[in-house]
Amino acid sequence: MKQKLSLVMSLPVVAGLLALALSPASINAQNMGKIHGHVTNPTGQAQDKGTVSLSLDGGATLKYTFPIDANGDYTGQATPSTYDVIYRAPDTPPGKIVDSIKGIKLTMDNDVQCDIDMTRAEYISKLTPDQQKALAELKAKNAAAIEANQAISHANADLKQVNQDKKDVEGAGAAALQELGPKATHGDITAKVNSIKAAKFADIDTLMSADIKTMPTEALLWADLGFAQAGEEKYDDAVTSYQKAITLEKAATKPRLEIIAVAESGLGEVYARTGKVPEANASYDASAKDDPARAGMQLRNEAVIFFQMHNSEAQVAAADEALKVSPNDPILYYIKGQGLVSNATIDPKTNRIVLPPDCQAAYQKYLELAPTGTFADEVAGILQQAGQKVTSSYHAPKAK
């Protein structure tokens, strides 16, 4: 947050009583001169509190007084004359002033601009050495705060774009199909999907890399950079970024567990895609522990990724772990069955497939939970080839 000037810098004037400001109703506006201006405090910020007065005797008597608004501006009217323009803070003691501009001449029907800029050398030179030192320190703090606020504002705008890029990555398949049309070949659609994803990952990489230069200790930026690098298959870089995010957030006064969990699951995906099964399991387990509300989703993702990587043993183990959290998720039974079916054998007498018991049970459970699911026909076909009766509400499609 920007720090406001906290110093009270006042100059003594001849002692005297403060005169009441004249009521506008008692003044003939046609015989008045106008004055307006802006007040800047010694730190260079708008001074949004206090008053500006007009004096004929150096500030001992304040003949006209005008309030300063929230923008540091003031405006008013006074009888034509040559005045000293006086600035006083709300807590300025009677008989003292903070700053003054001498010899401002007001004439009839004229609007004079008189700004009070307390950053000018003339004003600063009148401060005591201690006041000047305090002012320099305050300026440095304000400059740092402004720079930090600008960095935060820029990063927030970039994070908004990153979130949209992530949505575009997830919707790349639908976008490709819509752009190419239903007659597009599978190869053309795949190429288009990859092109969309590559552009989005590159955009996230560029945005986060730039923001990290100004905010190197923000864990969320590192986590999103890791996401982009994983998508670009820069796996070593992604590991470094995710680990940086985890380390930074765990060291925070109030760690955000959801960010730690996201980075841990991202790290798990990288390990899964690079064949580091124990490391992947450990990372996904940590993510599930740190963010229990999303544990089912994270463990499901682990099983899906091992399935994509054709790691049968790992996908079965991951599916079993995920089923402990989400026992009614049909896709997990399908993944488990697909991992176990590789262990099927052929009965030489009947030439039928002999499924491992757990495989058969997983497929039956899938059909029980998703009798019309995406993989229902495939699963039912495997069971039938194994001579197994489908014990669910699944119905084979009618022959055309």
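Colleague: How many aromatic pairs does the count come to by the ring rule?

Modeller: The count comes to six aromatic pairs. Rings of Phe, Tyr and Trp (its six-membered ring) pair if their centres lie within 6.5 Å; planes under 30 degrees apart are stacked, over 60 edge-to-face, the rest tilted. This is a predicted model, where local features need pLDDT of at least 70 and side-chain atom pairs count only at pLDDT 80 or more, while totals for chains, interfaces and linings use all residues. Residues are numbered from 1 along each chain as its sequence is written, and side-chain values use heavy atoms, with hydrogens and water left out.

Colleague: Why is the pair of tyrosine 64 and tyrosine 83 called edge-to-face?

Modeller: Their ring centres are 6.1 Å apart and their planes stand at 85°, so the pair is edge-to-face.

Colleague: What makes this pair a tie between parts apart in sequence?

Modeller: Tyrosine 64 lies in strand E4 (residues 64–67) and tyrosine 83 in strand E6, so the pair ties together parts 19 residues apart in sequence. Strands (E, at least two residues) and helices (H or I, at least four) are DSSP runs, numbered from the N terminus. Both tyrosines are buried.

Colleague: Why is serine 265 called buried?

Modeller: Buried means under 20% relative accessible area, exposed over 50%, partly exposed in between (1.4 Å probe, protein chains only). Serine 265 has 9% relative accessibility, so it counts as buried. Serine 265 is found in helix H7 (residues 257–273). Leaving aside neighbours within four places in sequence, serine 265 is in contact with Tyr284, Ser287 and Gln298. Contact means heavy atoms within 4.5 Å.

Colleague: Why is glutamate 321 called partly exposed?

Modeller: Its relative accessible area is 34%, so glutamate 321 falls in the partly exposed class. Glutamate 321 belongs to helix H10 (residues 312–325).

Colleague: How do you know that the side chains of glutamate 321 and lysine 324 make a polar contact?

Modeller: The contact is 2.9 Å. The rule asks for a pair of N or O atoms within 3.5 Å; within protein, one must be able to donate a hydrogen and the other to accept it, and residues adjacent in sequence count only if both atoms are side-chain atoms.

Colleague: What makes strand E6 mostly covered?

Modeller: Six of the eight residues in E6 (residues 81–88) are buried.

Colleague: How do you know that E6 pairs with strand E8?

Modeller: Two strands pair if DSSP finds at least two bridges between them. Six bridges join E6 to E8 (residues 99–106), and the two run antiparallel. Five bridges join E3 (residues 51–55) to E6, also antiparallel.
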